[in-house]
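Trainee: I would like to learn how to read helices against a sheet, and helices against each other. Where do we start?

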Amino acid sequence: MKINSKDRAKAQWDAADVPLLEVSDLKTWFEVKRGIFSRKAEQIRAVDGVTFSLMANETIGLVGESGCGKTTLGRTLLGLEAASGGSVFFRGEPLLTLSHRRMKAMRRRLQVVFQDPLSSLNPRMNVMDIVTEGLLQFRMLTDSREVHAKRLLREVGLDEEMIYRFPHEFSGGQRQRINVARAISLRPDLIICDEAVSALDVSIQAQVINLLLSLQQRHHLSYLFISHDLSVVSNIADRIAVMYLGRIVEIGKTIDIIEKPLHPYTRMLIAAIPVAGQKRVDQEMVTGETPSPAAPPNGCHFHPRCPEAMPVCRHAEPPEAWKNGHYVCCHMYRPNSG
Amino acid sequence: MTLLSVNNLAVEFATDEGMLRAVDDVSFHINRGESLGLVGESGCGKSVTALGLTRLIPSPPGRISAGEVFFESRDLLRVEPPELREVRGNEISMIFQEPLSALSPLHRIGKQMVEGIGFHRRMPQKQAWQYALSWLQKVGIPDAPGRMHAYPFQLSGGMQQRVMIAMALMLSPKLIIADEPTTALDVTTQAQIFGLIREMKQNETALLLITHDMGVVWEMCDRVIVMYASRIVESAELSELFSRPVHPYTRGLLEAIPGLARGRTHLKDIPGQVPSPLRYPSGCRFRDRCPHAFERCRTEVPGLVECAAGHWAACFLAYPDAGEL
């Protein structure tokens with residue numbers, strides 16, 4: 001039987017061993033001019049050689065402090081920033097070199113939910129128009145916009161009678177549900193959530209996390225869940241990637257990262273989290289500030305703050321070590337010996 | 001010994017849709033040297049309570065409509081403005097969430113600090129400069145002499161907050177009000193600021209910490225007050241509150257906090273949403289979201305009752321005549 005391209009495009013990506021998203025050595029560098037007349041531009045390596053892959057129906061949590069490049073990485077994958085190098089394969093297609101037309105078609109499968117639920121909704125559009133605009137654009141309306149909108153609102157746990165309301169009439173949690181409804185409307189494979197629950201109150205944050213978890217099960221979704229909050233991430237991610245100054249320093253299964261963190265930076269992040277009723281912050285473990293990404297330290301970027309720093313860390317780039325799917329980039333671990 | 005006692009404080013704001021009561025009949029006290037946490041979700045009235053204490057409510061549209069705030073022997077709501085200015089910054093100082101908007105963008109750090117000292121202390125300029133400098137060093141700012149000449153925007157968020165802490169502490173106030181002091185910071189910076197506040201806060205200095213984050217309360221406080229929908233719903237010693245929360249809202253809030261997990265974990269959430277202050281339900285304001293709500297919750301407002309020594313809750317289930325929770 002001949003499968004036409006339309007059918008193929010319709011199918012969910014479920015080739016079991018082929019990653020949905022494959023990012024290799026991705027770089028996003030910015031040139032920043034100091035002063036109006038300055039000729040010399042400073043280079044900020046916001047994303048500096050990031051490699052990871054994401055399987056279908058998997059969630060990777062991307063954590064790091066502000067300025068580590070996690071948001072830029074997400075934006076580069078979405079095509080909102082131009083990559084300076086490396087490659088990204090999404091559903092087997094090279095995302096960075098796609099033609100405008102192919103990229104537009106790809107966008108349907110690659111959706112995003114941003115941090116601020118209000119500023120990412122057009123204040124002059126009602127909810128029905130917001131959540132079905134994508135369907136209209138991609139000619140995927142199989143029914144009236146009303147029917148589609150009501151179904152989507154039901155899916156994200158909102159009252160379907162609300163379709164004619166405007167964004168300002170909703171609370172923060174409800175607005176984020178609308179953003180989620182819009183993101184799932186096109187039946188994407190991957191949703192990039194950039195601090196999607198960070199602006200919400202605790203009780204509402206839990207609701208939205210639960211919503212994302214159940215939608216993932218129902219629709220076979222993958223998430224790249226970007227957040228500064230390791231606790232939140234550990235509740236949603238199958239694997240966690242820790243970023244520091246533009247580079248991924250450790251990736252592993254959530255349980256391994258939380259219980260057996262290898263990189264001193266990951267250990268510092270975990271030590272810094274107060275867990276109400278259980279553990280207090282380990283003050284001794286947390287020192288220093290993130291250096292400017294415009295002038296990262298030599299050798300291992302983390303060495304000025306690292307409690308384990310050795311002389312070698314000051315000048316040599318740390319080697320990469322893999323063991324049982326747990327990756328770490330640190331001089332303490334010998335390559336591929338774990 | 002009681003340092004500050006707040007009795008039946010009420011703050012109202014005039015809006016297009018009518019009068020909004022942001023703080024409703026709030027009473028609490030802080031002892032000397034105590035760290036009290038005031039927690040709740042956005043819009044619960046915790047920040048307005050803090051601003052009300054030192055009469056910093058913008059008016060109009062705001063208005064303190066009832067209550068008294070006794071700081072030592074004076075009612076701050078009734079003292080004359082010059083006396084109030086003497087208290088603010090000197091005996092009560094504040095640390096805000098956004099250091100960058102709390103510091104003047106046009107003046108160098110040193111100048112701002114010296115100005116604050118000059119306002120409350122008779123001290124020659126040079127000596128004040130040295131005094132300010134010594135505080136910048138105490139809060140761990142590297143190259144403090146150089147930083148005295150820096151503008152706030154030239155410092156990182158963590159360093160700005162350190163400057164705020166130095167300014168709040170340098171006049172040895174009796175009470176520090178900190179409104180979400182670490183919310184805008186990274187967790188690692190937050191951990192350092194915790195340590196700094198703990199270290200710098202002398203024994204007789206009291207702290208009123210306003211936050212939405214139970215983790216922050218856990219780190220910093222001796223006693224906790226939980227607010228919901230403009231009212232206090234529970235207050236207790238730290239470990240008592242975390243181990244035996246009584247009010248269903250407090251219980252829900254503690255359960256909803258994502259702890260460190262091992263992967264996909266459904267969290268216990270509190271269904272529904274915080275009611276608008278313009279349309280609070282009758283009776284208990286949490287009843288629409290409460291799994292235990294019954295008839296009485298609709299018709300009657302639950303007052304705070306002492307359900308264990310020093311543990312107060314505003315819930316009918318905590319009343320002596322109620323059955324097992």
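Mentor: Start with a term. Two elements are in contact when heavy atoms lie within 4.5 Å, and angles run from 0 to 180 degrees between N-to-C directions. This is a predicted model. In it, helix H6 (residues 172-184) of chain A lies across S6 and strand S7 (190-194) of chain A, and runs at about 175° to S6(A).

Trainee: Which strands does helix H7 of chain A lie across?

Mentor: Helix H7 (residues 202-219) of chain A lies across S3 and strand S8 (222-227) of chain A. Its direction is at about 160° to S8(A).

Trainee: What is the order of the strands in the open sheet of chain A?

Mentor: The general idea comes before the order. Strands of a sheet pair through backbone hydrogen bonds, either parallel or antiparallel. In chain A, eight strands form an open sheet with mixed pairing, in the order S6-S7-S8-S3-S9-S10-S12-S11. Strand S6 (110-113) and strand S11 (320-323) of chain A stand at the edges with a single partner strand each, so one side of each has no neighbour in the sheet. From one strand to the next, the twist averages 20°.

Trainee: How many bridges join S3 to S9 in chain A?

Mentor: Four bridges join strand S3 (residues 59-63) to strand S9 (residues 239-244) of chain A, and the two run parallel. Val63(A) stands opposite Val242(A) in S9(A).

Trainee: Back to the two helices. At what angle do the axes of H6(A) and H7(A) cross?

Mentor: Read the angle against a cut-off: under 35 degrees counts as roughly parallel. The axes of H6(A) and H7(A) come within 10 Å and cross at roughly 15°, which makes H6(A) roughly parallel to H7(A). Their crossing is right-handed. On the H6(A) side the contact uses Gly173(A), Gln176(A), Arg177(A), Val180(A) and Ile184(A); on the H7(A) side, Ile204(A), Gln207(A), Val208(A), Leu211(A), Leu212(A) and Leu215(A). By class, the contact of H6(A) with H7(A) has seven nonpolar, three polar and one charged residues.

Trainee: And in chain B, how do H4(B) and H5(B) cross?

Mentor: Here the range 65 to 115 degrees counts as roughly perpendicular. The axes of helix H4 (residues 109-120) and helix H5 (residues 125-138) of chain B come within 9 Å and cross at roughly 115°. H4(B) is therefore roughly perpendicular to H5(B). H4(B) passes H5(B) in a right-handed crossing. The contact of H4(B) with H5(B) has ten nonpolar, two polar and one charged residues.

Trainee: Which residues of H4(B) meet H5(B)?

Mentor: Among them are Ile109(B), Met113(B) and Ile117(B) of H4(B), and the H5(B) residues they face as a group include Trp129(B), Tyr131(B) and Trp135(B).

Conventions
Residues are numbered from 1 along each chain as its sequence is written. Chains are lettered from A and ligands numbered from 1 in the order in which they are written. This is a predicted model: local features need pLDDT of at least 70, side-chain atom pairs count only at pLDDT 80 or more; totals for chains, interfaces and linings use all residues. Side-chain values use heavy atoms; hydrogens and water are left out. Angles under 35 degrees count as roughly parallel, over 145 as roughly antiparallel, 65 to 115 as roughly perpendicular and the rest as oblique. A crossing is left-handed if the near helix is turned anticlockwise from the far one by less than a right angle, and right-handed if clockwise. Ala, Val, Leu, Ile, Met, Phe, Trp, Tyr, Cys and Pro count as nonpolar, Asp, Glu, Lys and Arg as charged, and the others, Gly among them, as polar. Two strands pair if DSSP finds at least two bridges between them.
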